[in-house]
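Hi,

Here's the structure I said I'd pass on. Have a look at it first, and my notes on the salt bridges follow below.

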Amino acid sequence: MPSPPHTPEEVRRVACVGAGVIGGGWAAHFLARGYDVTAWDPAPDAEEKLRRLVAAAWPALEQIGLADGASPDRLTVAATAEEALSDAQFVQESAPEKLELKRSLLARLDAAAPPGVVIASSTSGYPMTDMQTEAADPGRLVVGHPFNPPYLIPLVEVVGGERTDAAAVEWAARFYKVAGKSVITMERELPGFIANRLQEALWREALHMVANGEATVKEIDDSITEGPGLRWAFMGPCLTFALAGGEGGMGHMLDHFGPSLKSPWTRLEAPELDATLRTAMVEGCDEAAGGRTIAQLVAERDQGVIDVLRATGRLPRQRTEGTDGIARTTSSSMGDET
Ligand SMILES: NC(=O)C1=CN([C@@H]2O[C@H](COP(=O)(O)OP(=O)(O)OC[C@H]3O[C@@H](n4cnc5c(N)ncnc54)[C@H](O)[C@@H]3O)[C@@H](O)[C@H]2O)C=CC1
Ligand SMILES: C[N+](C)(C)CC(=O)CC(=O)[O-]
């Protein structure tokens, strides 16, 4: 891979390929951080949906603080991937989670991007080794796995594949930090990375409980939001459980509860996602939503994440308000820039 032509700090133009839930969320994030964003998505209604998503996200982004000059007007929608990438300094791919599609798309993006420009995939779980097989320069392809919505949840998991250059992984990790994200750089590939491997265990059990009529969708959601979820926003599952050992910490916790790890709380393979389970999940979510639309839930979620980020000190405590009443920060509002 030729060296990236720009340092992470010099990047001004980002291309977002695929502009659905995550590509649109990335576009909103990069716009709010003051970048010029060019998006491409083959769907005929993609531009309209993308602009709607950015407009819906913008009030939350104004609340947490925009970079100087940030504006939704700096979003351009290109007619082809090649046009979108022609002068891109970083590329974020967020196309559907289908391995064959990712393989050929990443090869196409590699052919279109300026030499050395790093290309990151938002994949939720494919190892880059499996996706970079058709690219002429696989050295610049990395995974940059975000969390929904990418414009509010700080974490990005960064990892390369067997044929990725270490320099590209390092560059991407630094770029995401400069762009206001909180980064975990993984030394080795794991399907599902770290967070989705953990989330999948929870999700598999949730689906089993619904399929077997053991718990409702609402009970499952309440069990997390009224319980462990409150702790997880600021203390992960390991430290949280260390406190379950009282003054003896993790040592006592393991001696006390270790044997129960062998008890069959979780023991099941992934459930069959048949029509009955699908309907139960959809109807359960409709019931839990209690008449709120997706747009209302998105606004509620965004406000909830902002409140948690604020309460846990992860949003800047001192923000300056412009004459237009919009908060602006001169550095990133989330994540660690160092
Ligand atoms: N939805 C989520 O919560 C998260 C999704 N991801 C990952 O982000 C990626 C995108 O997922 P979503 O945004 O949820 O899907 P989505 O279905 O909302 O958006 C995918 C977009 O890709 C477009 N598209 C279809 N074919 C394409 C092609 N050949 N080239 C470029 N774009 C194409 C579609 O028109 C659509 O707008 C996936 O890899 C997924 O695993 C990662 C983190 C969270
Ligand atoms: C549902 N999902 C597997 C696509 C979720 C993610 O990949 C991360 C997230 O936002 O939780």
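Arg 52 and Glu 48 sit 4 residues apart in helix α2, which is about one turn of the helix. Their side chains form a salt bridge, with the closest N and O atoms 3.3 Å apart. Glu 48 counts as exposed, because its relative accessibility is 54% and the cut-off for exposed is over 50%. Keep in mind that this is a predicted model.

Helix α2 (residues 46–64) also holds Glu 47 and Arg 51, again 4 residues apart. These two form a salt bridge as well, and here the closest N and O atoms are 2.9 Å apart. Glu 47 is partly exposed at 36% relative accessibility, and Arg 51 is partly exposed at 34%.

Now go along to helix α8 (residues 217–225), where Asp 222 and Lys 218 lie 4 residues apart, about one turn of the helix. Their side chains meet in a salt bridge of 2.6 Å, N to O. Asp 222 is partly exposed at 31%, and so is Lys 218, with a relative accessible area of 47%.

There's also a network of salt bridges linking Glu 93, Glu 97 and Lys 102. The count for the model comes to 16 salt bridges.

One more residue to look at: is Glu 205 buried or exposed? Glu 205 is in helix α7 (residues 195–211), and it counts as buried because its relative accessible area is 13%, with the cut-off for buried at under 20%. Leaving aside neighbours within four places in sequence, Glu 205 is in contact with Trp 265, Thr 266, Arg 267 and Leu 268.

Cheers

Notes. Residues are numbered from 1 along each chain as its sequence is written. Chains are lettered from A and ligands numbered from 1 in the order in which they are written. This is a predicted model: local features need pLDDT of at least 70, side-chain atom pairs count only at pLDDT 80 or more; totals for chains, interfaces and linings use all residues. Side-chain values use heavy atoms; hydrogens and water are left out. Helices (H or I, at least four residues) and strands (E, at least two) are DSSP runs, numbered from the N terminus. Buried means under 20% relative accessible area, exposed over 50%, partly exposed in between (1.4 Å probe, protein chains only). Contact means heavy atoms within 4.5 Å. A salt bridge is a side-chain nitrogen of Lys or Arg within 4 Å of a carboxyl oxygen of Asp or Glu.
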